[in-house]
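Biologist: Please take a close look at the aromatic pairs in this model. Which rings pair, and where do they lie?

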Amino acid sequence: MMLTTVLAGGSTMGFRPTTEGKSSRRFRVFADGFRSFIPKEVEKIKDPYARMLATRIDRLPVHVSFSESCITSSCVKPVIQVKTNPVVLLHGFDSSCLEWRYTLPLLEEAGLETWAVDMLGWGFSDLGMLPSCSVASKRDHLYQFWKSHIEKPVILVGPSLEAAVAIDFVLNHPEAVDKLILIDASVYAEGTGNLAKLPKAAAYAGVSLLKSTPLRLYATFLAFNGLSFKTCLDWMNVSVSKFMFLQ
């Protein structure tokens, strides 16, 4: 709610509905409201806010400089269009735009044009061609997404590790950002040091550990008080962007 108040300036602005932009590629919509590229695992999620936001996930074409192929990138597009700067929500590490299932509706209720974008390498984008997911690639992907589909300075929101992505983006493309909001930022001012020299096998082992169900479930228990095991398990499933790799 605090984020809503900060962005909206404490007041509700007038807004007008906008026609949903058309993608260059059409996807079937099933009876449950999910588009055909949404993995079956999402259907197991019980959280009504996550399910509702999942029905809004779309893919938009993004032409990047590091690949000859167009990347169809997943995002949640705004349902309203205003003259003020739109909000662009980035998600945290190993997550997706579903991370904003509670916040995004509040921002829209406050009259803000709001995008939730899946970062390159996470979420529900089509990565069948396995593009590079380096820092430079993530930056270029976000910039080309902005250039193709938003085209005006934004209020960029970067939580956790994606705060580093947001800062890097602002430094390289200041014309694309009007304001920067960081939430619980995890940023190394001098880089990752010796961690950058880890053998690839060790790095993959570490990622596998972070993706493990027991660790993620334990982290969910630590982060929230008073949740039932059933709810913790459901919220853990919402946060895991491994759905992309199961396609």
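Modeller: Rings of Phe, Tyr and Trp, with the six-membered ring taken for Trp, count as a pair if their centres lie within 6.5 Å; planes over 60 degrees apart make the pair edge-to-face. By this rule the predicted model has 6 aromatic pairs. One of them joins Trp115 and Phe145: the ring centres are 5.7 Å apart and the planes stand at 90 degrees, so this pair is edge-to-face. Trp115 and Phe145 are both buried.

Another edge-to-face pair is formed by Phe224 and Trp235, with 4.9 Å from centre to centre and 80 degrees between the planes. Phe224 sits in the loop between helix 7 and helix 8 (229–239), while Trp235 is in helix 8, so here the parts tied together are 11 residues apart in sequence.

As for confidence, the mean pLDDT of the chain is 79, and 81% of its residues reach 70 or more. The pLDDT is below 50 over residues 4–25, a stretch that has 42 contacts in the model beyond near neighbours in sequence. Residues 242–247 are also below 50, with 19 such contacts. Where pLDDT is low, the predicted coordinates should not be read in detail.

How values were computed
Residues are numbered from 1 along each chain as its sequence is written. This is a predicted model: local features need pLDDT of at least 70, side-chain atom pairs count only at pLDDT 80 or more; totals for chains, interfaces and linings use all residues. Side-chain values use heavy atoms; hydrogens and water are left out. pLDDT is the predictor's confidence in each residue, from 0 to 100. Contact means heavy atoms within 4.5 Å. Rings of Phe, Tyr and Trp (its six-membered ring) pair if their centres lie within 6.5 Å; planes under 30 degrees apart count as stacked, over 60 as edge-to-face and the rest as tilted. Buried means under 20% relative accessible area, exposed over 50%, partly exposed in between (1.4 Å probe, protein chains only). Helices (H or I, at least four residues) and strands (E, at least two) are DSSP runs, numbered from the N terminus.
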